[in-house]
4 protein chains.
Amino acid sequence: MIKVGIVGGTGYTGVELLRLLAQHPEAQVEVITSRSEEGVAVADMYPNLRGHYDLCFSVPDVAQLAACDVVFFATPHGVAHSLAGEILENGGRVIDLSADFRIRDPELWAQWYGQDHGAPDLLNEAVYGLPEVNRETIRSTRLLAVPGCYPTAVQLAAIPLLEAGLIRPEGIIADCKSGVSGAGRGAKVGSLLCETSESMMAYSVAGHRHLPEICQGLSDAAGQAVDLTFVPHLTPMIRGIHATVYSELKSQDAGDLQALFEQRYANEPFVDVMPAGSHPATRSVRGVNMCRLSVHRPGNGNRVVVLSVIDNLVKGASGQAIQNMNLMFDLEETTGLNQVGLMP
Amino acid sequence: MIKVGIVGGTGYTGVELLRLLAQHPEAQVEVITSRSEEGVAVADMYPNLRGHYDLCFSVPDVAQLAACDVVFFATPHGVAHSLAGEILENGGRVIDLSADFRIRDPELWAQWYGQDHGAPDLLNEAVYGLPEVNRETIRSTRLLAVPGCYPTAVQLAAIPLLEAGLIRPEGIIADCKSGVSGAGRGAKVGSLLCETSESMMAYSVAGHRHLPEICQGLSDAAGQAVDLTFVPHLTPMIRGIHATVYSELKSQDAGDLQALFEQRYANEPFVDVMPAGSHPATRSVRGVNMCRLSVHRPGNGNRVVVLSVIDNLVKGASGQAIQNMNLMFDLEETTGLNQVGLMP
Amino acid sequence: MIKVGIVGGTGYTGVELLRLLAQHPEAQVEVITSRSEEGVAVADMYPNLRGHYDLCFSVPDVAQLAACDVVFFATPHGVAHSLAGEILENGGRVIDLSADFRIRDPELWAQWYGQDHGAPDLLNEAVYGLPEVNRETIRSTRLLAVPGCYPTAVQLAAIPLLEAGLIRPEGIIADCKSGVSGAGRGAKVGSLLCETSESMMAYSVAGHRHLPEICQGLSDAAGQAVDLTFVPHLTPMIRGIHATVYSELKSQDAGDLQALFEQRYANEPFVDVMPAGSHPATRSVRGVNMCRLSVHRPGNGNRVVVLSVIDNLVKGASGQAIQNMNLMFDLEETTGLNQVGLMP
Amino acid sequence: MIKVGIVGGTGYTGVELLRLLAQHPEAQVEVITSRSEEGVAVADMYPNLRGHYDLCFSVPDVAQLAACDVVFFATPHGVAHSLAGEILENGGRVIDLSADFRIRDPELWAQWYGQDHGAPDLLNEAVYGLPEVNRETIRSTRLLAVPGCYPTAVQLAAIPLLEAGLIRPEGIIADCKSGVSGAGRGAKVGSLLCETSESMMAYSVAGHRHLPEICQGLSDAAGQAVDLTFVPHLTPMIRGIHATVYSELKSQDAGDLQALFEQRYANEPFVDVMPAGSHPATRSVRGVNMCRLSVHRPGNGNRVVVLSVIDNLVKGASGQAIQNMNLMFDLEETTGLNQVGLMP
């Protein structure tokens, strides 16, 4: 059994880790930390966990965490910078769900996150945990950065086209729609039901922190700098991201895009290319570690439209974190992740 | 492996059976019928099932169904009446999610369902599948009637008090709130998002078909006729039933009600008595086979209020059906039913 | 034109006052206060008001408020206690939407609100603003207490039966369902979309602050003490209260209840008794100052069920406040309150 | 008083016409037709109209309709083709909310709507009712085509840029999100709460009927053919359209886009250009005849992003229809359309 520690378990990615790990046959949560909820039983805070956990939140203790085989960070950015190094030094492994180790360039990170990077020395051993791209590197790392939710949905949508060199690297547009759980469990007026239900709005059009992360991944796939316009929208639902990714074919003679996607993801357990003409709905992935995609070329013109849906808390966070853990610990990649989505 | 057939699999209880059985280690769905969707892959109709099922809907065929170890009916009332007998004669077992075999008195059934009972001869071998009451009888039956959603929530709330003889058998009130999935997947104006979202309304105050079923169960528990006022309400959410059950203590000296409930359900894997003072939320049981309860005595007066929540499609239908299957096939009762609720 | 001041205008009852007063032909908002939002334009905070108001929030100033013809308090309890007296002394009139002057007994108030009553001397001139009961007294008061949202829905449902002496004064049950806006615009985890959407739960079963207010009103109507069980539920929608009120007839020979309700409210512009057998939906009163009712006697037994719906922010707060203002200023009672509900 | 007839009043645009006309001081609904609901009171079907209308649905009668000053068609496409001509011949005026007269080219219409155009002779007198573009022509027409919901939101977003010649006419993208009321009140599985709530999905990526209508309008504004990619998404809310319109500047030296929009719409009562950096929410226009816009140029690059929100049933249908009626009857354009949006 893998002994698991979780730092910062009171938020939505924390409880989602607990939900998924409760059903994981090879992992056991040993410790979960929260300064504010010290001593509270996780099942008191999250009654869906009653009967599954006896654990209480505790104050973070490095020795205790380092005694775990792996420590998940489900914390705001900045926290893992200071703690991850200590755990690694003590022989632990770290899977960080925050943004702390996603961007390779510490200057760029500092620019978007408004503070200095707290652990630049660790950056060159941090691996970006998108298994559909980095599977082999993931297997051998001890410091894994779980991709952001928007970046996961957008990269899986655009990478096949970029890798194949079929689309222009400039002018790509990612129009993304996220459920409100993406804003976290913080007590903010902007996340109240009365403020978000029955309404749709864009936000951060001038620049969202996931933009440099997405550009890094797309540029890697393209082998050249990619220019992206990224507009996120707050959608009146709890879970789900729908990315609608627009790009322009370099040539009318682009071949069979459906086949391209099917081949690219033929062996991927957590990417499902839907039949031509499909429109994936976010609810089809609710609660499961899956990205559903469909590729369209309206009017057979030079515009490609890829539709990509994930559950932001699963393939966009906690599920992907466990997928990475499975790889890092030589387990079958799908272990504990074979749930069926809740529909309706 | 138990070979499973499903009659009428296109509705919400049908897809929920498929979702749960996909995760059941001892059962395998062999056939699923739908006249209207013959030949359609279940995964095309319900994309959440992609990767879990290759099965297509087929026209009901008695021989094929009788070759299964058990046949679930997820059909409108009246259908199981005519088909169940044939399957039983051919050596199969039947688990009926419809109302066809829930009420012991065929006259009463006819009065509420507006048609003659189609299989009165089978009624005396039909067992009402509320394991918390009938566990032993369930184990040996070949014809099981799965309780309705409201009846499950209300009976589990009231039975401890009635069995203990603590409350008056008249004047019981069940004020129930159900998500819209309780109305099924039929194309009805009254179930449109635009008609049900952002609104709350009662319905069927003059009399709902679940009333005689609930009264039958409560009267059994009380050992005398029980008089119930039952008002269901349509609630703007997909899943969930919240029953608020009001009754009057016979005496001020009623003892420790919390202890009464905890003892009554101490060995029940799918009933969770919450700590005193709790208010269970339907979301805490979303997607799982669980009834969460709390018992209150406001102002220490003579009124008892029991709050009871279930997922209408799981403990109120398909999950309970599988719980019964487990009992009928001598499996551990919880087999395949240990999911954790989706929260948020 | 009536010069209007509003104290505490940033919450949902505040913005609702602004919405309704923008359409009132005889009133003009002169000042709106908020310490935290001083200098912010109301239309910046609430974009639906763009084009309707140039006003900015200002710090409360007694002189400025007293110069208004009437001051609405849309504040947490306790605030009006200290400020109302000063305004009255300066010749102003006060319409208080908080609970500060609703309960006649200051001891009872202190017991439920956890602090001493701050203005007991004003209690004997405060008038409880339920026009369907107190219309004439309202016309001549200078200190008006707007009823709470639950109390409005429950009292209008039960008063006809109590006034007629048809029901037992004990054993009345009010099972109430409220939209989340009833919890206000405060940044609380419990009001987040992710915590309240797709879920139903009861709260405060042990005792809610509206209980003594409702009991006071029902006891007045009955001419004797009334015993009530009141259970509020948090419902996944923005606006609306649905009260389901259960009571027991003293005698089987109760006469025509439908006629009783129709006669009781025949001249009431803001109470709509629906045809026999109806089930009012909260959406039918969304955004409008109306209470829709229907009365049922299931199975012609001794139990009466009254269904009552209001918009908690309109007839349950700001609309009723304006209805009272109209009476206090000798305007037609319906002035500015003839909107049609938004449906769907 | 303008005597108004409504053909096809049972759908959502029909009831919305009734809601808005109830508050219009210069118009009176004389007749409303529905074959299926003949004899039913509109207030029985739509309880929000109780107290505002005594009218019943009647079977369409040309003489009766032609006796009205104006007839609104709130019908599926094809119906107005056959009836409008008769009404015009009898001296009436027609405002058609369907797609029947929006597209000037009957061949193009036939291609997208799958049937021959039924009234090509009327096309050259039909006026496209977008007052922000065609105000003067609207004043004098007797046959008005109300723009579609998506076309209204998209055109108002893109027209200022195209008229000014600032953007490339190819490569424009309109990523649109619509509430479920856009799908109408028909009893379709795809519009059920259980199918649409808590989910986001694109539809009709291969081609939506509003595409040719939008292209016609944008090409008019550009003075040349415009190439558009239009992807609509079904959003889990009742009302509202959010259009996110992407285009490319011809030159980096594009001037002050904020000023361009403010000037273009300076005298428009129903277009509100928000301050620079704003993100309009659909709820800010709920129930009102308003389009709120904001214009962004992320990173000061060559990409322009315009955010545009309307209520699909008001500025996207019935409100805009009344705005056009006001113009056609020489009333103040804003008559009866000054409501304040419902928020929250």
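A polar contact is taken here as a pair of N or O atoms within 3.5 Å, where, within protein, one atom must be able to donate a hydrogen and the other to accept it. Under this rule, four residue pairs, both members at pLDDT 80 or more, are in polar contact across the interface of chain C and chain A in the predicted model. On the side of chain C that touches chain A, helix H8, which spans residues 193-196 of chain C, gives the most, with four residues. Classified by residue type, that side of chain C comprises nine nonpolar, five polar and four charged residues.

The charged part of this interface includes two salt bridges between chain C and chain A. In one salt bridge, C:Glu195 is paired with A:Arg185, and the closest N and O atoms are 3.6 Å apart.

With regard to extent, the size of an interface is often given as the accessible area lost when the parts come together. For chain C and chain A, the area buried between them is about 1,600 Å², of which 72% lies on carbon and sulfur atoms. Of the area that chain C buries against chain A, 39% is supplied by C:Leu192, C:Leu193 and C:Cys194, a share that exceeds that of any other three residues. In terms of contacts, 18 residues of chain C meet 18 residues of chain A.

The relation between these two chains was examined by superposition. Chain C can be laid on chain A with an RMSD of 0.0 Å through a turn of 180° and a shift of 0.0 Å along the axis. Of the interface residues of chain C, 100% are also interface residues in chain A, so the copies meet through the same surface.

A second pairing involves chain A and chain D. Chain A is laid on chain D by a turn of 180° with a shift of 0.0 Å along the axis, giving an RMSD of 0.0 Å, which is the relation of a two-fold axis. Within chain A, the C-alpha nearest this axis belongs to A:Pro236 and lies 3.1 Å from it. Here too, 100% of the interface residues of chain A are also interface residues in chain D, so the copies meet through the same surface.

Turning to the annotation of chain A, an unreviewed UniProt entry lists residues 3-141 as "domain: Semialdehyde dehydrogenase NAD-binding". Over residues 3-141, chain A is 34% helix and 17% strand, with the end C-alpha atoms 17 Å apart.

How values were computed: Residues numbered from 1 in each chain as written. Chains lettered and ligands numbered in written order. Predicted model: local features only at pLDDT ≥ 70, side-chain atom pairs only at ≥ 80, totals over all residues. Heavy atoms only, no water. Contact = heavy atoms within 4.5 Å. Buried area = accessible area lost by both parts, 1.4 Å probe. Salt bridge = Lys/Arg side-chain N within 4 Å of Asp/Glu carboxyl O. Polar contact = N/O pair within 3.5 Å; in protein donor to acceptor, adjacent residues only side chain to side chain. Helix = DSSP H or I, 4+ residues; strand = E, 2+ residues; numbered from the N terminus. Nonpolar A, V, L, I, M, F, W, Y, C, P; charged D, E, K, R; others polar. UniProt positions renumbered as here; feature names shortened; annotations may be inferred. Least-squares fit on C-alpha atoms with pLDDT ≥ 70 in both.
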